[in-house]
Amino acid sequence: MAMNAVAVVSVSHLNKVYQSRERRVEAIGDLTFDVAAGDFTCIVGPSGAGKTTLLKCLSGLLAPTSGAILVNGHAVVGPPAEMAVVFQEYGRSLFPWKTVRENIELPLREKKIARTERARLVDEALEAVALTGVAGSYPWQLSGGMQQRVAIARAVAYQPKVMVLDEPFAAVDAQTRADLEDLMLRLWSELDLTVIFVTHDIDEAVYLGQRVLVLSSSPTRVLDDVPIDIAGPRSQATTRVEPRFAELRTRVYRGIQQAKASVHG
């Protein structure tokens, strides 16, 4: 996919402090990075690196203490209209009493989209994630991987410019995870999405990303910005055994180990 130099997401000197009477915790220290249009950026870091805090700030669910986040040039002061978020806990994000179709349609109703247009968008999203045959089923009738596909379909139907995913495949088995990774690469390519993908899995980050941001331990900063120069299309069977994949994986791994070592430094 051709890259566009225009920054769709811009994070500038982001700082977030949690303050209470008893303690002060600086979760994010000074975070600055841009995500260009059409980029697939993966974010990794040790546990407690502020990845969830960053995601909440990006999605407008949490106000930063200082600094700025822009999406398409507009300051984020609430959930951006151009952004869809997919969480790790898909079971909690789907309504068990609504069908698959109704779950996907819900944000479109909130946008006041006409019924016929809603139906078209839902049909296209179901087809994109290969769930056309279960549109009338309920989430609890589906496997974990299929439920996460529903959550992704709901984000796709929303027609976002930016999709943010918070460890979306952490709770599924290895084979399902591989299938969902390939699904994300296909959707990213076909739908011309800009993706920010948070993960603990180094191999996943290198396999999916066009770049990997390695975060330090809290208070969070960018330790390394790793360009992933692996040609596409990527394949689970071949990409992961390429020498270049191993080199990049090692660089990201060393960055995370450096972040862990600095906690007591």
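Reader: Start with α5 and α6. Are they roughly parallel or roughly antiparallel to each other?
Author: This is a predicted model, so local features need pLDDT of at least 70 and side-chain atom pairs count only at pLDDT 80 or more, while totals for chains, interfaces and linings use all residues. Residues are numbered from 1 along each chain as its sequence is written, and side-chain values use heavy atoms, with hydrogens and water left out. As for your pair, α5 and α6 are roughly parallel to each other. Angles under 35 degrees count as roughly parallel, over 145 as roughly antiparallel, 65 to 115 as roughly perpendicular and the rest as oblique.

Reader: Where do α5 and α6 run, and at what angle do they cross?
Author: Helix α5 covers residues 144-157 and helix α6 covers residues 174-191. Their axes come within 11 Å and cross at roughly 15°. Axes are lines fitted to C-alpha atoms, for helices over the stretch in contact, and angles run from 0 to 180 degrees between N-to-C directions. Helices (H or I, at least four residues) and strands (E, at least two) are DSSP runs, numbered from the N terminus.

Reader: Which way does α5 pass α6, left-handed or right-handed?
Author: The crossing is right-handed. A crossing is right-handed if the near helix is turned clockwise from the far one by less than a right angle, and left-handed if anticlockwise.

Reader: Which residues make that contact?
Author: From α5, G145, Q148, R149, I152 and V156; from α6, T176, D179, L180, L183, M184, L187 and L191. Contact means heavy atoms within 4.5 Å. They divide into seven nonpolar, three polar and two charged. Here Ala, Val, Leu, Ile, Met, Phe, Trp, Tyr, Cys and Pro count as nonpolar, Asp, Glu, Lys and Arg as charged, and the others, Gly among them, as polar.

Reader: On to α3. What covers its buried residues?
Author: The cover includes α4 (115-128) and α5. Helix α3 spans residues 100-110, and its buried residues are V100, N103, I104, E105, P107 and L108. Buried means under 20% relative accessible area, exposed over 50%, and partly exposed in between (1.4 Å probe, protein chains only).

Reader: How are α3 and α4 set, oblique or roughly parallel?
Author: Oblique. They pack at an angle of about 125°, with axes 10 Å apart, and α3 passes α4 in a right-handed crossing. On the α3 side the contact involves V100, R101, I104, E105, L108 and R109, and on the α4 side R118, A119, L121, V122, D123, A125 and L126. By class, this contact has eight nonpolar, no polar and five charged residues.

Reader: And how do α3 and α5 cross, left-handed or right-handed?
Author: Right-handed again for α3 and α5, with axes that come within 8 Å and cross at roughly 35°. V100, N103, I104, P107 and L108 of α3 meet V150, A153, R154 and A157 of α5. That contact has seven nonpolar, one polar and one charged residues.

Reader: I104 keeps turning up. What is it in contact with?
Author: Leaving aside neighbours within four places in sequence, I104 is in contact with V122, A125, L126, V150, A153, R154 and A157. I104 is also one of the residues with the most contacts inside the largest nonpolar core, along with I152, V212 and V252.

Reader: How many residues are in that core?
Author: The largest nonpolar core has 56 residues, and α5 gives the most to it, with seven. A nonpolar core is a set of buried Ala, Val, Leu, Ile, Met, Phe, Trp, Tyr and Cys residues joined through side-chain atoms within 4.5 Å. Apart from it lies another core of 25 residues, among them L14, F33, A49 and V76.

Reader: Backbone now. Where does a cis peptide bond join a residue to P233?
Author: Between G232 and P233, with omega about -5°; P233 lies in the loop between β10 and α8. The bond from S218 to P219 is cis too, with omega near 0°. P219 sits in the loop between β9 (211-215) and β10 (222-227).

Reader: What about H13, what is its phi?
Author: Positive, about 50°, although H13 is not a glycine. H13 is in strand β1 (residues 7-19) and counts as partly exposed at 49% relative accessibility. Q159, not a glycine either, has a positive phi of about 55° and is in the loop between α5 and β7 (162-166).
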